[in-house]
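Q: I have a model open and would like to talk through a few parts of it. Can we start with the strands and then move to the domains?

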Amino acid sequence: MESKEEFSVLVGGPAGAGVFRSGLVAAKTLYRHGYYVHGDNEYPSIIRGGHQWMIVTASLRPVYAHGDEVDAVLALDKETVRRHRDRALEVIVADESVARGEEGVVAAPLMKAVREEGAPSVAVNMAGLGFIFGLYRGDVEKLKSVVRDVFAKKRSVAELNARVAERGYRYGLEASEKLGLAPLHIGAPVPGKVVIDGNSAVALGAVAAGLSFYAAYPMTPASPILHLLAELQKDYGIVVVQPESELAAINMVTGAAYAGARAMTATSGGGFSLMVEALGQAAMTETPVVIVEAMRAGPSTGLPTYTSQADLRFVLHASQGEFPRIVLAPGDPYEAFMAGFDALNLAWRYQVPVIVLTDKYLAEGYWTVDEPPMLEPEEGKVVRGVYEGPEPYLRYRITPDGVSPMAIPGTKGALVNANSSEHGEDGYATTDAETVRAMQDKRFRKLEAMSREANERGVKTYGEGSIAVVTWGSTKNPVLEAVRDMHDVKVVHLTWLSPFPSERLASELEGARRILVVEANKTGQLAGLIREHLLVSPDGFLGKYDGRPFTPQEVEEWITGFQEG
Amino acid sequence: MAEKFDTGRKPVWCPGCGNFGILVALRRALATLGLEPEEVALVTGIGCHGRMSSYVRVNTFHTIHGRVLPLATGIKLANPRLTVIGHSGDGDAYAIGLGHLPHAARRNIDITLIVHDNMVFGLTTGQATPTTPKGHVTRSTPYGNPDEPLNPLFLALASGATFVARGFSGDIPHLEDLIVRAVRHKGFSFIDVIQPCATFYNIYGEVRRRIYKLEEAGHDPSSLEEAIRRSMEKERIPIGVFFETDKPVYRENFLHAMNPPPGERVPRPVDLSPVWRRFR
């Protein structure tokens, strides 16, 4: 029998049952089998109970998004059977106690496996995963190696879980005789790749750019950035602070950046709302700060653990007054890494606030992407040590490109006067009309070079065709999956939203018979930006605002409607 | 020596404003401490006090309303070699920015906070603040202030501040000495300075009548209980050091990131290969 080119599995159960850990183990194990993988989860804001799931999709070709259906379901409770029964194409596996009375569910001796190893009952998830890999005749050694890595913090726990997984695997192998399912492909991992989530990627991108100060208040879905950086702080010499609020976080970051540190914070829409006044402060004081905003569905508390792309207009316009800012919107973890790296470099090159806009789907989802190379961070126009004139040092000296040499406090011969009030070149407050105009013009002169970069780097087109599907951020994944087998369709993906890459986007759309926009919000925020900047009305807009990412099927179906005619 | 901390800009405060006394005391204290202007970072908030950053010749950051403490904390953690002093008003520190005070205190971040406490909003023309006495008539409380005033010293003590003092802008030598001691203190130093507003709440006479010096009253600043008792006095107004103790400072949690400190680090390529292993 030929091995499977594609394989997908859903693990479902109550919060606290180790659903995500099982999903992560499945994703890594499939990666080590030689597949590209993608993992996406869904969960309510509950610590114990409720229902959560993770879908892991594997393919021998790159995989962007998962569909509605999966090959196998591992049900850790009856609720999972009830909710996901219709998704399963091949098999639903559950412990005998869960499968009892459920038609079409494979009753597996999972708790038996756990008991035989003397493990706590929570390990049933590993028995279940083992069973699935047995059913599909995977490589048990690869599975065990992943289990050991994932539970690496405690060796005895890791060994116990590996044994439970192996015992589950043996039972699965026995059952596979009867079911006769096509086996998994067993090969070497695709070289040069990593399996990583958007949160980790953006954090590591910032570390690659020399991040030395991170302050953040916990908020879903951005908290894993805090967790990872807190863990890595001693390896990379980073000050990691969890302060009393997002107000404190952004102002600590601003103070640290003023003092010369490469500083960043991360939050979601609610926390970003609290940061808005300080965003304007960073702009007015020309302090290089980076804010990661991992969107979730609003307004207000909204759906705390679900995804959305509805904060685009908010971050573009947040704060009183007018100032140039950079907004980056990576689409996958590789782009998230690059965005984290670029954000700090750009913030220091232009001395402007930079926002990295992600969302729960990208932040917590896993994809196989290229392992990022080692990169060379750039310092920007920074004055350290001693300032040697000839003129006296002025923090806001008017320059042709609008960027003033930035001395770090402590520099001999330079006093650094930063001011959130309008100020002259020396940083002292002023209300003089001519100076006010000159300073605003100076800040806006940065826009020229920023826009050039946005046009050079902010748009990527996939494929060719007379139908152009325009999207931004993480929605590129279901869109790329949707158009895979379509003809005459190209995907235009924006990763810079401010400054808006108008010229480049216009040239990518030139000659398009149809311009379609897909984004995860209700009002069509990118569609509106296209109207505003290109004076072009898109022919169609597909929005989604229920907290779930698009499925490739719904996108494909919608695009198909524009192909005829 | 205090002249080197003078920007030469003429203060625009009202005649008789208490801010003058704090300005002079600060400049003298910086000179007494033997600091160079480049070694000091002064953070000011929004309010009349905020103009301090125009008049003191050091590194300055004039921040938004209420955020002096987190901003100063960020500066200090990024570069512990800087002497970081925050100036805040009673509106800035006790109204909009109060959420930061207990946390700066419990962290024992090695900075000094000087609160210009005139018990009224001056720059917005005389509304009530959290330290305005109950019943006091202001433009925003024409029928008398309905709120009980906050006790900032009691709050600072309860929050674990390791240096707690009160000064009076009308006694510059005494205030200068407090500032010198506060800056020298290792940890979070808090000075509430009674600084009457000449225009909206002129209580110089009353303050002078009720004031007394703790050091002349045999107060023991090593006793937290005694400090709390003194902070709750109603009739007389004690000034001086209420409490001083020695505790590890916040920075010591980040020694792994201090060689060199974040603010002095030039970005270089970072080897992430040990981290990538966990993503395979």
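Q: What is the strand order in the open sheet of 9 strands?
A: This is a predicted model. The order in the sheet is β17(A)-β2(B)-β1(B)-β3(B)-β4(B)-β6(B)-β5(B)-β8(B)-β7(B), and the pairing is mixed.

Q: Which strands stand at the edges?
A: β17 (417-419) of chain A and β7 (211-213) of chain B. Each has a single partner strand, so one side of each has no neighbour in the sheet.

Q: How are neighbouring strands turned against each other?
A: By 20° on average, with direction ignored.

Q: In which sense do β4 and β6 of chain B pair?
A: Parallel, over 6 bridges, with β4 covering residues 112-117 and β6 covering residues 189-194.

Q: Switching topic. Into which domains is chain A divided?
A: Domain 1 (6-191), domain 2 (195-370), domain 3 (382-455) and domain 4 (458-563).

Q: How many residues are in contact between domain 2 and domain 3 of chain A?
A: 14 residues of domain 2 of chain A touch 13 residues of domain 3 of chain A. The centres of these two domains, taken over C-alpha atoms, are separated by 24 Å.

Q: Which helix gives the most to the domain 2 side?
A: Helix α11 (residues 269-285) of chain A, with 3 residues on the side that touches domain 3 of chain A.

Q: And what is that side like by class?
A: The domain 2 side has 8 nonpolar, 5 polar and 1 charged residues.

Note on methods
Residues are numbered from 1 along each chain as its sequence is written. Chains are lettered from A and ligands numbered from 1 in the order in which they are written. This is a predicted model: local features need pLDDT of at least 70, side-chain atom pairs count only at pLDDT 80 or more; totals for chains, interfaces and linings use all residues. Two strands pair if DSSP finds at least two bridges between them. Helices (H or I, at least four residues) and strands (E, at least two) are DSSP runs, numbered from the N terminus. Axes are lines fitted to C-alpha atoms, for helices over the stretch in contact, and angles run from 0 to 180 degrees between N-to-C directions. Domain bounds come from an automatic or database domain assignment. Two residues are in contact if their C-beta atoms, placed from the backbone, lie within 7 Å. Ala, Val, Leu, Ile, Met, Phe, Trp, Tyr, Cys and Pro count as nonpolar, Asp, Glu, Lys and Arg as charged, and the others, Gly among them, as polar.
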